[in-house]
Amino acid sequence: MSSSRHHRLFAYGTLREEHVRDALFGRRVPSAPAVLVGHVPAAARPATGPDAAAVPGGPTGRPTLERRIDARTEGTVLHLTDDELAAADAHAAGHGVRRRVVLASGERAWTHLDAGPLRSAARIVIVGDSIAYGRCDPRGGWAGHLAAAHIAANEAEHRLFNLAVPGASLADVAAQTPALLSARRPDTLLVAAGINDAATGDGLGRLAEHLDSLAALALDAGARLVVAGPLWLDEEHAPAYEGLRFTLDRALALRSALRVWCEARHVDHLDLWEPLRDRPALFADGLHPTAAGHEEIHRFMARTAGARSAPPS
């Protein structure tokens, strides 16, 4: 006999309206007022997915949320079955993706956030390795480009803290990050999952454990977790550091493991493989991008993740 779990979904847009819920779910679902902190309603964006007009009476545009420290958004918590949660996901298609949040009450719930994970961010913390640190680019690499564009968009409220450490693995990041977050009050934790985790024979064995730890840390901090990486690598010219082996097979295994983990837990994954794929001229040593390579990564993030474009020079 099959059973259905029950889920809390924080609704802040059209799903607060009973006639929309009745049409979507086919019943009067249990609901209660709720508040989500750290978010503020933003202007509606046009719905672009195939299901945008699937709900009778549904609008042509959907509201979204932007991150703002200490802000509060009033909404409604809906208590849904598995099937109803899937229907709510379809209703948000083309507009938002389902992610975990903590309500003002301390309860954890799902809600639908902007599908571009960096578009609505205000305070971003980056953790990762030498590529996230910006090695081989005196301007600070892709993270430096991201910082310049992000802060230029709103100097008064936007912040970016690059806490990446050259040579770090996800095990190091999971151990070091908890002490670093509270003072910076991030709303977005961008974890650059670099190739170090695939450079040893058993490097992927505890990958899920480290990512689960970072996911719990981000949720407790009220931050949206974004996992980025890995990059393509030029195996022929990749150096060996302290016995680490950097191969395409291992990098592809890491890429697959990250995608599977993120999909299973509804976490944003920025797959950075394609922008530098088969472009060895954009690498300084087979592993680390040149300044031009870092710039290409940032442009890719702007197209796919809603990162802001570089400000005029």
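Arg245 is found in the loop between strand E9 (224-228) and helix H8 (residues 248-265), that is, between E9 and H8, where helices (H or I, at least four residues) and strands (E, at least two) are DSSP runs numbered from the N terminus. The model is a predicted one, in which local features need pLDDT of at least 70 and side-chain atom pairs count only at pLDDT 80 or more, while totals for chains, interfaces and linings use all residues. Residues are numbered from 1 along each chain as its sequence is written, and side-chain values use heavy atoms, with hydrogens and water left out.

With a relative accessible area of 48%, Arg245 is partly exposed; buried denotes under 20% relative accessible area, exposed over 50%, and partly exposed the range in between (1.4 Å probe, protein chains only). Leaving aside neighbours within four places in sequence, Arg245 is in contact with Ala198, Ala199 and Arg250, contact being defined as heavy atoms within 4.5 Å. The C-alpha atoms of Arg245 and Thr81 are separated by 46 Å, the two residues being 164 residues apart along the chain. The loop between E9 and H8 also holds Pro230, which is joined to Gly229 by a cis peptide bond with an omega of about -5°.

When residues up to four places away in sequence are not counted, Phe10 touches Ala34, Val35, Leu36, Thr73, Glu74, Gly75, Thr76, Val77, Leu103, Ala109, Trp110 and Thr111.

The buried residues of H7 are Leu207, His210, Leu211, Leu214, Leu217, Ala218 and Leu219. An α-helix has 3.6 residues a turn, so residues three or four places apart point the same way. H7 is followed by Gly222, whose phi is positive, near 75°.

Two packed helices are described by the angle between their axes and the distance between the axes. The axes of H7 and H8 come within 11 Å and cross at roughly 45°, axes being lines fitted to C-alpha atoms, for helices over the stretch in contact, and angles running from 0 to 180 degrees between N-to-C directions. That angle makes H7 oblique to H8, since angles under 35 degrees count as roughly parallel, over 145 as roughly antiparallel, 65 to 115 as roughly perpendicular and the rest as oblique. H7 passes H8 in a right-handed crossing, a term used if the near helix is turned clockwise from the far one by less than a right angle, anticlockwise being left-handed. The contact involves Leu207, Ala208, Leu211, Asp212 and Ala215 of H7, together with Leu254, Ala257, Leu258, Trp261 and Arg265 of H8. By class, this contact of H7 with H8 has eight nonpolar, no polar and two charged residues, where Ala, Val, Leu, Ile, Met, Phe, Trp, Tyr, Cys and Pro count as nonpolar, Asp, Glu, Lys and Arg as charged, and the others, Gly among them, as polar.

Helix H4 (141-153) and helix H9 (residues 291-305) pack at an angle of about 50°, with their axes 7 Å apart, which makes H4 oblique to H9. The crossing of H4 past H9 is right-handed, and the contact is made by Gly141, Trp142, His145, Leu146 and Ala149 of H4 and by His294, Glu295, Ile297, His298 and Met301 of H9. The residues of this contact of H4 with H9 comprise five nonpolar, four polar and one charged.

Positive phi values also occur in residues other than glycine. Cys136, in the loop between helix H3 (130-133) and H4, has a phi near 75° and is partly exposed, with a relative accessible area of 35%. His266, in the loop between H8 and strand E10 (268-270), has a positive phi of about 55° and is likewise partly exposed, with a relative accessible area of 27%.
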